[in-house]
Amino acid sequence: MDAALEEFAAEGWRSFSIEGVARRAQAGKSSIYRRWSSKQDVLVDAFRANELRFDLPEIGRVRAALYDLTLQMIRRSVSPAGAAHLRLRTEQDLPEELRAIADCGTRDAIASSRQLVKLGIETGELPVDVTPSLFMDCLSGAVTNRAIASALYRGDKPLKSDEEFAQELVTFLLRS
């Protein structure tokens with residue numbers, strides 16, 4: 001599954017192949033074809049096995065839930081699954097079944113994050129004038145920027161840990 005996601009992230013749908021997956025997995029093509037009949041089937045199963053799931057917190061725990069979500073997003077963004085999910089959302093020529101996975105995953109993530117922000121407003125952990133979509137755009141944008149910066153960083157001083165970054169980001173967003 002990881003090899004399929006890595007191959008898709010690197011090559012995109014048009015160049016994605018069972019041969020490439022087998023090479024990355026250090027396996028024979030025939031062993032992959034025993035389980036999946038097409039490249040689409042391999043990729044669909046890989047994405048389904050790597051969905052980001054997030055449960056809403058108990059009342060009064062929005063800060064902790066935002067921290068957990070942020071940390072999951074950070075770790076996901078630098079993983080093979082994260083790169084593949086980003087490509088899935090930006091790829092143009094996808095078969096309908098893969099497009100449906102991308103659409104469903106996006107809708108679910110948006111719905112969950114909106115509910116989390118609304119819960120924060122209801123419990124007083126967030127101001128009443130917070131716009132859920134803008135709040136989550138800021139969170140996801142900061143996480144994406146962190147992933148890109150981390151990949152490119154070559155400085156002498158180590159970057160903050162994912163945990164420190166997540167804590168600072170959540171604190172900043174809750175204050176803003």
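**Confidence.** I began with pLDDT, the predictor's confidence in each residue from 0 to 100. The protein chain averages 85, and 93% of the residues score at least 70. I found the lowest confidence in helix H7 (residues 96–122), with a mean of 79, and the highest in helix H2 (residues 18–25), at 95.

**Ground rules.** I noted that this is a predicted model, where local features need pLDDT of at least 70, side-chain atom pairs count only at pLDDT 80 or more, and totals for chains, interfaces and linings use all residues. Residues are numbered from 1 along each chain as its sequence is written, and side-chain values use heavy atoms, with hydrogens and water left out.

**Overall build.** I counted secondary structure as DSSP runs numbered from the N terminus: helices are H or I with at least four residues, strands are E with at least two. The protein chain has 9 helices and 0 strands, so I simply wrote the pattern down as α-α-α-α-α-α-α-α-α. The C-alpha trace spans about 55 × 40 × 25 Å along its principal axes. Of the 176 residues, 37% count as buried (under 20% relative accessible area; exposed is over 50%, partly exposed in between, with a 1.4 Å probe and protein chains only). I also looked at contacts, meaning heavy atoms within 4.5 Å. Among those with a separation of 6 or more, 63% join residues 24 or more positions apart.

**H1 against H6.** Two packed helices are described by the angle between their axes and the distance between the axes. I used axes fitted as lines to C-alpha atoms over the stretch in contact, with angles from 0 to 180 degrees between N-to-C directions. Helix H1 (residues 2–15) and helix H6 (residues 80–90) pack at about 45°, with axes 8 Å apart. That angle makes H1 oblique to H6 (under 35 degrees is roughly parallel, over 145 roughly antiparallel, 65 to 115 roughly perpendicular, the rest oblique). Their crossing is left-handed, meaning the near helix is turned anticlockwise from the far one by less than a right angle; clockwise would be right-handed. On the H1 side I listed residues including Leu5, Phe8 and Gly12, and on the H6 side residues including Pro80, Arg87 and Leu88. The contact divides into 9 nonpolar, 1 polar and 4 charged residues (nonpolar is Ala, Val, Leu, Ile, Met, Phe, Trp, Tyr, Cys and Pro; charged is Asp, Glu, Lys and Arg; the others, Gly among them, are polar).

**H1 against H4.** Here the axes of H1 and helix H4 (residues 39–49) come within 11 Å and cross at roughly 130°, so the two are oblique to each other. This crossing is left-handed. Ala4, Leu5, Phe8, Trp13 and Arg14 of H1 meet Lys39, Gln40, Val42, Leu43, Ala46 and Phe47 of H4.

**H5 against H9.** Helix H5 (residues 62–77) and helix H9 (residues 162–175) have axes that come within 9 Å and cross at roughly 130°, which makes H5 oblique to H9. I recorded a right-handed crossing.

Most residues other than glycine have a negative phi. Gln26, not a glycine, has a positive phi of about 55°. I placed Gln26 in the loop between H2 and helix H3 (29–35). Is Gln26 buried or exposed? At 76% relative accessibility, Gln26 counts as exposed.
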